[in-house]
Amino acid sequence: MNFIPHSKPTLHTKDIAAVSAVLKSGALVQGKKVLEFEDKVSSYLGVKAGVAVNSGTSALHLALLALNIGPGDQVIVPSFVCTALLNAVSYTGASVRIVDVNEDDFNISSTQVKKNLNKKVKAIIVPHMFGCPADLKELSIFGVPIIEDCAQSIGADYGGRQAGSFGVLSICSFYATKVMTTGEGGMVLSNQTKLLDRIRDFRQYDHASNFQNRYNYKMTDFQAALGISQWQELPQFIKRRRQIAQIYDRAFADGDFIIPSKDNSRAPIYYRYVIKIKKRAKVFIEQLKKKGVGASQPVFKPLHHYVKGFQCPVADQLMDQGVSIPIYPDLSAHQIRQICSACM
Ligand SMILES: Cc1ncc(COP(=O)(O)O)c(C=O)c1O
């Protein structure tokens, strides 16, 4: 029995050919391919423009800098997410206010955001966790700039519009096992020219008339070529993820599991399929491993366990009970059956 990994990039021969063509051309650095990739992503999301960078974390950092966030400011982030958010805020010298998430969709809780607002809060980072859009309508009424974090949700739909087109800024990640990949990579997107210009300025350290902190956050043209090639398949990738999610929905409906919630106003893309179980997640994950299935806790460690002073009981409960099972386009029907029976 072959082991089924928890996550895996979907790469085809044409992806390799696209990267090879750029390597053969010798024009490796940020250039025409990056511009083409930025155009593709921004038109798909329905925003004015995108600025490609070398990771989702860099994208978050530049989004915060574009909003002039720095020492003395506060940024609201959810607890149940990876430490990229914590790092990006920390790079700027600002501090985080960590809030709890919803039990049903694992996204930042608007009720908790409301309780944490004060004059120092200059932005809210809103990740659409595991590919399911957060409640942007509720979150936008506070009048605080929203940075939509679409690292896990490119292609997800909220009320008929692309997630990523609501915030003053939005970011993507194209890390190897994301919905589509450039190996490592990211993008910041916005409708505001002024913010986009600032981000382009921060992205490269040289060729500026004055000195201020600038970064080397550029994406290479061969990464962008991979991104463009993967982009053509994005609709297929998402379709397949949704098909697999439907199979899981049916398989787990009657068991001892709580499956991802459904809501007609949102169309998730199932970057992850997270079930809640009654046993301890860690034990269940070990059992799956013995049956040849790679599963994982959806988050390594919630952010309020790194930074003292915040209580997030829902995130704690999800750490205890949440299990992410494999979901990616390359899974065969046989593997899907193996995953379902391993969970029962
Ligand atoms: C919600 C979220 N935001 C940001 C990031 C950071 O992206 P990257 O790994 O490309 O830096 C990740 C990465 O997993 C993520 O899941």
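Reply: First a definition: axes are lines fitted to C-alpha atoms, for helices over the stretch in contact, and angles run from 0 to 180 degrees between N-to-C directions. The model is a predicted one.

Me: At what angle do H3 and helix H4 pack?
Reply: Helix H3 covers residues 56-66, and helix H4 covers residues 84-92. Their axes are 9 Å apart. The angle between H3 and H4 is about 40 degrees.

Me: Which residues make the contact of H3 with H4, and how many of them are charged?
Reply: H3 contributes Gly56, Thr57, Leu60, His61, Leu64 and Leu65. From H4 come Ala84, Leu85, Asn87, Ala88, Val89, Tyr91 and Thr92.

Me: What is the orientation of H3 to H7?
Reply: Helix H7 spans residues 193-203, and its axis lies 9 Å from that of H3. The two pack at about 125 degrees, and their crossing is right-handed. H3 and H7 are therefore oblique.

Me: Which residues of H7 take part in the contact with H3?
Reply: H3 brings Leu62, Leu65 and Ala66 to this contact. By class, the contact has six nonpolar, no polar and two charged residues. The H7 side consists of Leu195, Arg198, Ile199, Phe202 and Arg203.

Me: Is the crossing of H2 and H8 left-handed or right-handed?
Reply: Helix H2 (residues 32-45) and helix H8 (residues 221-231) pack at about 35 degrees, with axes 8 Å apart. The contact includes Lys32, Phe37 and Lys40 of H2 and Asp221, Ile228 and Trp231 of H8. By class it has six nonpolar, one polar and five charged residues. The crossing of H2 and H8 is left-handed.

Me: How far apart are the C-alpha centres of the domains, and how many residues does domain 2 give to the contact?
Reply: The chain is divided into domain 1 (13-231) and domain 2 (234-343), and their C-alpha centres lie 24 Å apart. Domain 1 gives 30 residues to the contact, and domain 2 gives 28 residues.

Me: Which elements each supply at least two residues of the side of domain 1 that touches domain 2?
Reply: That side has 17 nonpolar, eight polar and five charged residues. The elements are strand S3 (95-99), strand S6 (157-158) and H8.

Me: Which residues are closest to the ligand?
Reply: The ligand is surrounded by 13 residues. Its shell has six nonpolar, six polar and one charged residues. The closest are Gly56, Thr57, Ala84, Ala151 and Ser173.

Technical notes
Residues are numbered from 1 along each chain as its sequence is written. This is a predicted model: local features need pLDDT of at least 70, side-chain atom pairs count only at pLDDT 80 or more; totals for chains, interfaces and linings use all residues. A residue is near a molecule or strand if its C-beta atom, placed from the backbone, lies within 6 Å of it. Ala, Val, Leu, Ile, Met, Phe, Trp, Tyr, Cys and Pro count as nonpolar, Asp, Glu, Lys and Arg as charged, and the others, Gly among them, as polar. Helices (H or I, at least four residues) and strands (E, at least two) are DSSP runs, numbered from the N terminus. Angles under 35 degrees count as roughly parallel, over 145 as roughly antiparallel, 65 to 115 as roughly perpendicular and the rest as oblique. A crossing is left-handed if the near helix is turned anticlockwise from the far one by less than a right angle, and right-handed if clockwise. Two residues are in contact if their C-beta atoms, placed from the backbone, lie within 7 Å. Domain bounds come from an automatic or database domain assignment.
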